[in-house]
Amino acid sequence: MILAFALLLGVGIVAGYSPGLLDRMMARRIDPQVVLATWVALVATTFLTVVAALVVVLLPAHGPTSLLMQLVHHCVTAVQHGAVPRFHAVTALLLLFGLTSLLLLVSVRLMRHVRRQRRAHRRQLELLRVAARPEAGPFPTMWLPHPKPLAYSVAGTPAFVVATDGVREELCAGDAAAVIEHERAHLHGRHHMLVGLAEALARSAPWIPLMRHSPALVRTAVELAADRAAARVHGAGSVHSALLIMSGCHGGPATPQHALGMADSAVALRLHHLEFLGPCAPRVRRALTSGLAGLTAALLPALAGLGILASLAMITCPILFEM
């Protein structure tokens, strides 16, 4: 029972402090792919640690399933006879109920997000087929006749990029190509799905700091990742120049909901990253670094729980020896 509480307290501490950790990683110009891997690992291990705590509570008897039925029977019988159920039985049932409810809520929120995105995708595509000029590419680009520069990507089937004529008119050819590459990077990296998951988590568990801050964290990280992808093809200078010009243009059309726009999020931080962006690390090295960061993040709640257990042992052992 003490181990279960230590795990829960450990994951609570990690979930509380991890948004600040992720913010500092981005402020120090850590590769956004590493930041995203760390975020995914932290979210996954938050749920897995609660499952581990539940298993620790349930395992002392014959097994999780059989013991769970015994716990339910015990609690119902105790209430029927006006008695108070055992503490560990109530704790196990509350953990199971809370975890199941949260997972169902996140799933429902995510499915709603996907349905809204599909409806928005269909409406966008119907309008663009009438008003826009399509341009072939890995993801087709739909050009709209508007003088203000705007570009955004829309996930779906088919996924596509929307850009106004103002992108070509206000930006030089290299900068305009960097803008399109930035938006295609969002589609290649499935960034819309990550943002949707972050928003579903925030709506389902706003009392958990990691979940509450996830939409802002993930939106910033995916924009930084798309900037780097565009910089690898067209150079950091082109992406920096395009972002500077597009973020300074006001009065144009707004980016639709469920789309990721070029100059909508964390512009100052992105410009700072681009100013100091060095040579891109090899893909294998980036993958290894991301995996190591994710593994370290996944171990943090367990390490915090073990630290709490060690602290309790240090406190209680001298007291036991004095007795």
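Predicted model: local features only at pLDDT ≥ 70, side-chain atom pairs only at ≥ 80, totals over all residues.
**Talking through the model**

Trainee: What makes Gln 124 count as buried?

Mentor: Its relative accessible area is 18%. Buried means under 20%, so Gln 124 is buried. You will find Gln 124 in helix 4.

Trainee: How far apart are Gln 124 and Pro 256 in sequence and in space?

Mentor: They are 132 residues apart in sequence, and their C-alpha atoms are 9.0 Å apart in space. For the chain, take contacts between residues at least 6 apart in sequence: 70% of them join residues at least 24 apart.

Trainee: Why is strand 4 called mostly covered?

Mentor: Count its buried residues: five of its five residues, 160–164, are buried. The cut-off to set them against is under 20% relative accessible area.

Trainee: How do you know that strand 2 and strand 4 pair?

Mentor: They share four bridges, in the parallel sense. Pairing needs at least two bridges, so these strands pair. As an example, Trp 143 has Ala 163 in strand 4 as its bridge partner.

Trainee: In which sense do strand 3 and strand 4 pair?

Mentor: In the antiparallel sense, again over four bridges. Tyr 152 stands opposite Val 162, and Ala 151 stands opposite Ala 163. These two strands form a hairpin with five residues between them, and Gly 156 in the turn has a positive phi of about 145°.

Trainee: What makes strand 1 and strand 5 edge strands?

Mentor: The open sheet has five strands in the order 1-2-4-3-5, with mixed pairing. Strand 1 and strand 5 each pair on one side only.

Trainee: Now the helices. Why are helix 6 and helix 10 called roughly perpendicular?

Mentor: They pack at an angle of about 85°, with axes 8 Å apart. Angles from 65 to 115 degrees count as roughly perpendicular, and therefore this pair does.

Trainee: Which residues meet there?

Mentor: From helix 6 come Gly 174, Asp 175, Ala 178 and Val 179, and from helix 10 come Ser 238, Val 239, Ser 241, Ala 242 and Met 246. They divide into five nonpolar, three polar and one charged.

Trainee: Which residues have the most contacts inside the largest nonpolar core?

Mentor: Leu 22, Trp 39 and Leu 210, in a core of 32 residues. Helix 2 gives the largest share, nine residues. A second, separate core has 24 residues, including Trp 143, Val 167, Leu 171 and Ile 180. In soluble globular proteins, nonpolar side chains tend to be buried together.

Trainee: What does Trp 39 touch?

Mentor: Not counting residues up to four places away in sequence, Trp 39 touches Leu 22, Leu 194, Leu 197, Ala 198, Leu 201, Leu 210, Ser 214 and Val 218.

Trainee: How many helices and strands are there in the chain?

Mentor: Twelve helices and five strands, and of the 323 residues, 43% count as buried.

Terms used: Residues numbered from 1 in each chain as written. Heavy atoms only, no water. Core = buried A, V, L, I, M, F, W, Y, C linked by side-chain atoms within 4.5 Å. Buried < 20%, exposed > 50% of the residue type's maximum accessible area, 1.4 Å probe, protein only. Contact = heavy atoms within 4.5 Å. Axes fitted to C-alpha atoms, helices over the stretch in contact; angles between N-to-C directions. Parallel < 35°, antiparallel > 145°, perpendicular 65-115°, else oblique. Nonpolar A, V, L, I, M, F, W, Y, C, P; charged D, E, K, R; others polar.
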